[in-house]
Amino acid sequence: MSRLFAALLSLTALSACASGPGTGPSDGGERSATLKPGERIALADRSQLRYIGVSNDSRCPPNVQCIRAGDADVNFEFAPASGAAQALNFNTERATVLTAGAWTIELTSLAPGEAPAATLKIATTP
């Protein structure tokens, strides 16, 4: 019985560490999110990030051999809890990390296709 209690106590301690400050979306820690055009995500400070879409995509299609990989312009809108919204325009080759408000936002991947999903890493700016 004491082994079972010790095992449960260890699991409880590990889960408390995994959900501590700086690890989850509600406390301002780093998080990843994948959005489709039109979707938005709420951040811990009540600001929001909305994925508008891709305005230019010259990336090489999957399963095709290209001379140049190409790039894409990926557009978001950052809306702070109060104040005016601002445009965030990523480029898959030249501008993959931008800051907005208290946040550093990194475009980590962009799926292929007509309405590609965008994956972001969002963290509080140090």
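Modeller: Gladly! Ring pairs join Tyr-51, Phe-76 and Phe-90 into a cluster. Please keep in mind that this is a predicted model. Searching the whole structure turns up 2 aromatic pairs.

Colleague: What makes Tyr-51 and Phe-76 a stacked pair?

Modeller: Their ring centres are 4.8 Å apart, and the cut-off for a pair is within 6.5 Å. The planes make an angle of 20°, and under 30 degrees counts as stacked. Therefore the pair of Tyr-51 and Phe-76 is called stacked. This pair links distant parts of the chain, with Tyr-51 in strand E3 and Phe-76 in strand E4, 25 residues apart.

Colleague: Why is the pair of Phe-76 and Phe-90 called edge-to-face?

Modeller: Here the centres lie 5.6 Å from each other, with 85° between the planes. The distance meets the limit of within 6.5 Å, and an angle over 60 degrees counts as edge-to-face.

Colleague: What makes Thr-119 count as buried?

Modeller: The relative accessible area of Thr-119 is 19%. Because the cut-off is under 20%, Thr-119 counts as buried. Thr-119 is part of strand E8, residues 118–124.

Colleague: Why do you list a polar contact between the side chains of Thr-119 and Thr-34?

Modeller: The side chains of Thr-119 and Thr-34 approach to 2.9 Å. The limit is within 3.5 Å for N or O atoms that can donate and accept a hydrogen, so the pair of Thr-119 and Thr-34 is listed. Beyond its neighbours within four places in sequence, Thr-119 also contacts residues including Ala-33, Glu-106 and Leu-107.

Colleague: Which residues touch the most other members of the largest nonpolar core?

Modeller: That core has 20 residues, and those touching the most other members include Leu-49, Phe-76, Leu-88 and Ile-122. Among the elements giving two or more residues to this core are strands E1, E3, E4 and E8.

Note on methods:
Residues are numbered from 1 along each chain as its sequence is written. This is a predicted model: local features need pLDDT of at least 70, side-chain atom pairs count only at pLDDT 80 or more; totals for chains, interfaces and linings use all residues. Side-chain values use heavy atoms; hydrogens and water are left out. Helices (H or I, at least four residues) and strands (E, at least two) are DSSP runs, numbered from the N terminus. Buried means under 20% relative accessible area, exposed over 50%, partly exposed in between (1.4 Å probe, protein chains only). Contact means heavy atoms within 4.5 Å. A nonpolar core is a set of buried Ala, Val, Leu, Ile, Met, Phe, Trp, Tyr and Cys residues joined through side-chain atoms within 4.5 Å. Rings of Phe, Tyr and Trp (its six-membered ring) pair if their centres lie within 6.5 Å; planes under 30 degrees apart count as stacked, over 60 as edge-to-face and the rest as tilted.
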